[in-house]
Amino acid sequence: MAEHERVYLIEDDLDIAIDVRYDLERSGHKVIEYARTFENARERLPFAIEKGMTVAVIDGNLEQGGSGNDCSDGKEISALIRDVAPRTKIIAFTRSREGVADYGDIFVGKSLYRLVKEITEIPR
């Protein structure tokens, strides 16, 4: 059985974030930090690292990010995470197409079942 993950959740849609957190925690994972905007995601990153983040679930297009639908928010945040916590697995969690959302180790369209499944199967 896979190790339970310590997740930094970055998602601007509060309803989706609540559902994702519930499903992840019901599956034994722990959401250790949550951010809703691009700036908040940058601010919360040191706290996620301090709490032992192993996975970051990142929406590509965040509220107030001004990126449109090109996943530039997710790309920039994942680059920051890779610089300071390179062992963290990144899941691109977005409505954008997989080819556009190329910032994660794993791409997951906004499907909660698949997100939990992918986190459980992250190779160590």
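## Salt bridge K75–D102

K75 and D102 join their side chains in a salt bridge, at 3.7 Å from N to O. A salt bridge here is a side-chain nitrogen of Lys or Arg within 4 Å of a carboxyl oxygen of Asp or Glu. The K75–D102 pair links distant parts of the chain. K75 sits in helix α3, and D102 lies in the loop between β4 and β5, 27 residues apart. K75 counts as partly exposed because its relative accessibility is 33%. D102 is exposed, with a relative accessible area of 53%. Buried means under 20% relative accessible area, exposed means over 50%, and partly exposed falls in between (1.4 Å probe, protein chains only).

The model is predicted: local features need pLDDT of at least 70, side-chain atom pairs count only at pLDDT 80 or more, and totals for chains, interfaces and linings use all residues. Residues are numbered from 1 along each chain as its sequence is written, and side-chain values use heavy atoms, with hydrogens and water left out.

## The sheet

Five strands form an open sheet in the order β2-β1-β3-β4-β5, with parallel pairing. The edge strands are β2 (30-35) and β5 (106-109), and each pairs on one side only. From one strand to the next, the twist averages 20 degrees. Strands pair if DSSP finds at least two bridges between them. Strands (E, at least two residues) and helices (H or I, at least four) are DSSP runs, numbered from the N terminus.

Strand β4 (residues 89-94) runs parallel to β5, and four bridges join them. In this pair, T94 stands opposite G109 of β5.

## Helices on the sheet

Helix α2 (residues 38-50) packs on the sheet and touches β1 (6-10) and β2. The direction of α2 makes about 150 degrees with that of β2. Helix α3 (residues 72-84) also packs on the sheet, touching β1, β3 (55-58) and β4. The direction of α3 makes about 165 degrees with that of β3. Contact means heavy atoms within 4.5 Å. Axes are lines fitted to C-alpha atoms, for helices over the stretch in contact, and angles run from 0 to 180 degrees between N-to-C directions.

## Helix α2 in detail

The 13 residues of α2 should span 18 Å at 1.5 Å a residue, and the end C-alpha atoms are 19 Å apart, which agrees. The expected span is 1.5 Å times one less than the number of residues. At R44, α2 bends by about 40 degrees, and the proline P46 follows within four residues. The bend is the angle between axes fitted to the seven residues ending at a residue and the seven starting there.

F38, A41, L45 and A48 are the buried residues of α2. Their cover includes β1, β2 and α3. Just after α2, G52 takes a positive phi of about 85 degrees.

## Other salt bridges

The salt bridge count comes to seven. One of them joins the side chains of E33 and R44, at 2.8 Å from N to O. This pair links strand β2, which holds E33, to helix α2, which holds R44, eleven residues apart. E33 counts as buried because its relative accessibility is 6%. R44, at 25%, counts as partly exposed. E33, R44 and K51 are linked in a network of salt bridges.

E76 forms a salt bridge with R42, with the closest N and O atoms 4.0 Å apart. E76 is in helix α3 and R42 in helix α2, 34 residues apart. E76 is partly exposed, with a relative accessible area of 40%. R42 is partly exposed, at 39%.
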